[in-house]
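Here's a walk through one chain, part by part. Have the viewer open and click along as you read.

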Amino acid sequence: MDIVRATPDLAAALTAISLAAKRYWKYPESWIVAWTPQLTISREYVAASPTYAAVEEGAPVGFYALVLWPAAAGKLRAQLDHLWLRPDWIGRGLGRVLFEHAVATARQLGAADLFLEAEPNAEPFYRHMGARRTGERIGEIEGQPRVLPLMELDLGSHGAQGGDGGQGRGFLDRRGTLGRPRLRRCGRGRRQAPARHG
Ligand SMILES: CC(C)(COP(=O)(O)OP(=O)(O)OC[C@H]1O[C@@H](n2cnc3c(N)ncnc32)[C@H](O)[C@@H]1OP(=O)(O)O)[C@@H](O)C(=O)NCCC(=O)NCCS
């Protein structure tokens, strides 16, 4: 397993991962269709945004992307814009590896904090990783309200160490795993996909 800066030629493969990951939560297919524009990763997006893929045997199996925003007092904020895993990799430790890599990258890029709009089913994961809920965005899909948690992590206080200058290997090496994070074996996920509407 390597974590690499994604290149634009991976855009279609990353889109396939984001769609498959969203389907993991068993949403109606019409909702997936409605969300497809947001879940589509373009070549231009990959070129413009810090996007990192976990690659196993030459194929991406998960990725994250950051967007940097100017904030008050000359500071920068990092938005975790995407974090998706191929469903057969969910629950095996890769989410933590990618999240911690994102934290290290955001810090390396000079961000003071990391914020995100969470998939509701993923809020417990983000809480476990140290993020706190700061609010919510109330949207709507097919006439039903949908509450999206807004979450934030102060990069000054988060425990993740590292910062890899954008290469990935350095972060993993510092964890003593030499680019091969210890991941749980397939089929041993401890969680079930929750109810249809999250
Ligand atoms: C959310 C997601 C990225 C998490 O990745 P994951 O590989 O399942 O998480 P991991 O196995 O690395 O778990 C990391 C830690 O979080 C904990 N955790 C994960 N999900 C949790 C949950 N629902 N509740 C509480 N803790 C949770 C794990 O127990 C683990 O703890 P530990 O490392 O201290 O032992 C993954 O489930 C996913 O891609 N889901 C579908 C797509 C999605 O919703 N993405 C989020 C978009 S905002």
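## Starting at Pro70

Let's begin with a pairing: the bridge partner of Pro70 in S4 is Leu76. Pro70 itself belongs to strand S3, which covers residues 59-70. S3 and S4 run antiparallel and are joined by nine bridges.

Before going further, a word on the source: this is a predicted model, in which local features need pLDDT of at least 70 and side-chain atom pairs count only at pLDDT 80 or more, while totals for chains, interfaces and linings use all residues. Residue numbers start from 1 along each chain as its sequence is written.

## The whole chain

The chain has six helices and seven strands, in the order β-α-α-α-β-β-β-α-β-α-β-β-α from the N terminus. Out of 198 residues, 29% count as buried. Take contacts between residues at least 6 apart in sequence (C-beta atoms, placed from the backbone, within 7 Å): 65% of them join residues at least 24 apart.

## The sheet

Seven strands make an open sheet, ordered S1-S2-S3-S4-S5-S7-S6, with mixed pairing. Strands count as paired if DSSP finds at least two bridges between them. At the edges are S1 (2-5) and S6 (132-141), each pairing on one side only. On average, neighbouring strands of this sheet are turned by 25° against each other, direction ignored.

Helix H1 (residues 11-23) lies across S2 (51-56), S3 and S4, and runs at about 95° to S3. Axes are lines fitted to C-alpha atoms, for helices over the stretch in contact, and angles go from 0 to 180 degrees between N-to-C directions.

## The ligand shell and H4

Which residues are closest to the ligand? Of the 20 residues that surround the ligand, the closest are Ala21, Leu85, Gly95, Arg96 and Pro124. Strand S4 (76-85), helix H4 (94-108) and helix H5 (123-128) are the elements giving two or more residues to this shell. By class, the shell has 11 nonpolar, five polar and four charged residues. (Nonpolar means Ala, Val, Leu, Ile, Met, Phe, Trp, Tyr, Cys and Pro; charged means Asp, Glu, Lys and Arg; the others, Gly among them, are polar.)

In H4, 13 of the 15 residues are buried, so the helix is largely enclosed by the rest of the structure. Just after H4, Gly110 takes a positive phi of about 95°.

## Two loop residues with positive phi

Lys26, in the loop between H1 and helix H2 (29-39), has a phi near 65°, a positive value in a residue other than glycine. Lys26 is partly exposed, with 13 other C-beta atoms within 10 Å.

Glu142 is not a glycine either, but has a positive phi of about 45°. Glu142 sits in the loop between S6 and strand S7 (144-154) and is exposed, with 9 other C-beta atoms within 10 Å.

Definitions and conventions:
Helices (H or I, at least four residues) and strands (E, at least two) are DSSP runs, numbered from the N terminus. A residue is near a molecule or strand if its C-beta atom, placed from the backbone, lies within 6 Å of it. A residue is buried if 20 or more other C-beta atoms lie within 10 Å of its own, exposed if 12 or fewer, and partly exposed in between; C-beta atoms are placed from the backbone. Two residues are in contact if their C-beta atoms, placed from the backbone, lie within 7 Å.
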